[in-house]
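Biologist: Take me through this model term by term. I will ask what stands behind each label.

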Amino acid sequence: MANAPSARLAAADPRVLALAAQVTESREQDIPLLLLKLKGILNSASLGCEESKKIKQDIYDYDLTQYCMLVLRQDHSRLRGGWATAAQLAEVLSHCCVGLEVKEDPEEFYKKFLPSAVDNLLFLARRLQARFMRAIKDEDKQHFLRWFQTVTDAICWLFGGHVQLAACVLQNDHFLQLLITDDVETAIIMMSVLHNIVRVNSSVLLQVDEETLHSVLDELVYKLSSTTNPVIGNAAAKLLLLVVKFCKQLGKLLTARYKGLKGLLSKQWTGKGFDRDLSQLLDLLYLEQSNGKGEMQRQHQAACIIQAVWRGFQTRKRLKKLPQAVTALQRSFRAKREQELQHLKKQKEDEALKLQMQLRRQRAMRLFHERQLAFLEIIHASQVNKYMEEMEGRSALTIQRFWRGYRARRSFHQQRQSLKEYKAAVIIQRAACKFLEKRRRRRPLSPWKDPKGLTDEQRLALQQKVDDYIKLHPASEMSEEMSKELHMQAQEKLAQFLLRSRLDQRAARRRETLLAQVNTDVELLINAPGLAETTEKDLDVFMSRSVPVATKARQSHHTMLKSSRWPWWKKLGDEFMEDDVIPDDALNAELGTLFIGGRKSF
């Protein structure tokens, strides 16, 4: 709080004191709404009277104007009251500053506070202008335009009360950015602000630096050359007329800097509804041109030609890019509008679905209660309790059934991964077992046969390895005599097994031979002629065994040849056998087809 004499503090307005206390103790988001009470306090006193000056002095002494200025920098879209509150605070700030005469430390008020207030007001105007141009709905556009007009009126009111602020407003970067816009509504408002600046301080254009002056004049001439809107043309022409009337030097600058301005005004804007102001401007420009002939004027004209050509090139380049920018803007606008429409459609569908589900639930509950009431009317009074118990039991069973189903589905989803892993393990194990079984079938073990292909040196090397291994790993549980005895027993048993297997094979071959002989005799007897027709040759057939034996040998030979000519895919099951060995099953099958019953069958 600013230092003030105790007498002034004692005589301060109680409303200002109460408001300052509330602002000090309140939260930051509540301060803008509290500061709006200053509007009622200011309106309670007549404008220009001593009471009004006293109230404004108290507001300044208690730093409420400083609060208003700082609040304008905040983002009001997140604060209570929104941008309407910001526009009203801008109006309150301008009214608090106009008519205020600071006696203690006036330099801080005039050199620091007022320029900061102007900068914050212009910054707020830029924010409102940007939101007005981005707004989609017409209602939002009207609101932002009205708030923008309120802020610009506050700026005009402020530099109208303090004339020295006109140059500060004109040199502010925010003002130039507000003036350089393609929007019609905000451009007209900003040109009206510039018009008020020139009317309030006619020499302000001569007080600012040359770069700022040229920027303002360039923008006015650009608006005249780039648009066909008569409202924009009228406002720009009136501004140039006002500039030429008040500042004769600026008239010379216009004729020297913008050589084609007179032709542009006479050709493009004649007959647009403001011919009177346009004719006055043209007369003043022609008068300045006729008075300023000479070498300097020709140099200025040459420079203006070069600048005009360059600006024309820049303008044409910019105009060529405008369709692309408009297309991109339209595309983004349509995409955003489509997104909003989709969102609204989805929201409506969700609300309709929710309402439909609610209606269905209500209808189902109503039908359920109606059914219950109907049953209760039908059932005898003595059976009501029994019926209610049955209904409770059924309800409990239904709830339990749904709960068990939910729990089973949840456990199934949880165990699905483990079930997949178990099935994969089973599949892998099954494939491994099949592979090992196939390997065992392809390579049968025959331990009683000596290894083939070993030379004497290999046998000696292998025997040496075995001896070395036995020396390194001696058997502690079996002596050499026991080992020899066990070896002898194994050899005896192996010999008995081999002898028994040979005898069994010999007996099997004998049985097969006898069976073949019997089959051959049966066939011969069946095909033999009667006793009346029998000859000695027929008797030799029955007396000699050479013919059946030769027949069997020939047929066995054919079977072996046929087996050797089988295709490779037919021998896949017998890969473990040697090439020169023919399976006994095949021979038996072939022989069976030849000799069973004495008839050949296929």
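Modeller: Start with S94, which touches A154, W157 and L158, leaving out residues up to four places away in sequence. Contact here means heavy atoms within 4.5 Å. The model is predicted: local features need pLDDT of at least 70, side-chain atom pairs count only at pLDDT 80 or more, and totals for chains, interfaces and linings use all residues. Residues are numbered from 1 along each chain as its sequence is written, and side-chain values use heavy atoms, without hydrogens and water.

Biologist: Why is S94 called buried?

Modeller: Buried means under 20% relative accessible area, exposed over 50%, partly exposed in between, with a 1.4 Å probe and protein chains only. S94 has 1% relative accessibility, so S94 counts as buried. S94 is found in helix α7.

Biologist: What makes Q88 partly exposed?

Modeller: Its relative accessibility is 32%, so Q88 falls in the partly exposed class. Q88 also sits in helix α7, residues 82-97. Helices are DSSP runs (H or I, at least four residues), and strands likewise (E, at least two), numbered from the N terminus.

Biologist: Why is Y469 called exposed?

Modeller: Because Y469 reaches 52% relative accessibility, Y469 counts as exposed. Its place is in helix α21, residues 456-472.

Biologist: What makes a nonpolar core?

Modeller: Buried Ala, Val, Leu, Ile, Met, Phe, Trp, Tyr and Cys residues, joined through side-chain atoms within 4.5 Å. The largest one has 104 residues; L35 and L158 are among those that touch the most other members. Helix α8, residues 106-134, gives this core its largest share, 11 residues. Leaving aside neighbours within four places in sequence, L35 contacts V23, L64, Y67, C68, V71 and L89.

Biologist: How many helices and strands does the chain have?

Modeller: There are 25 helices and 0 strands.
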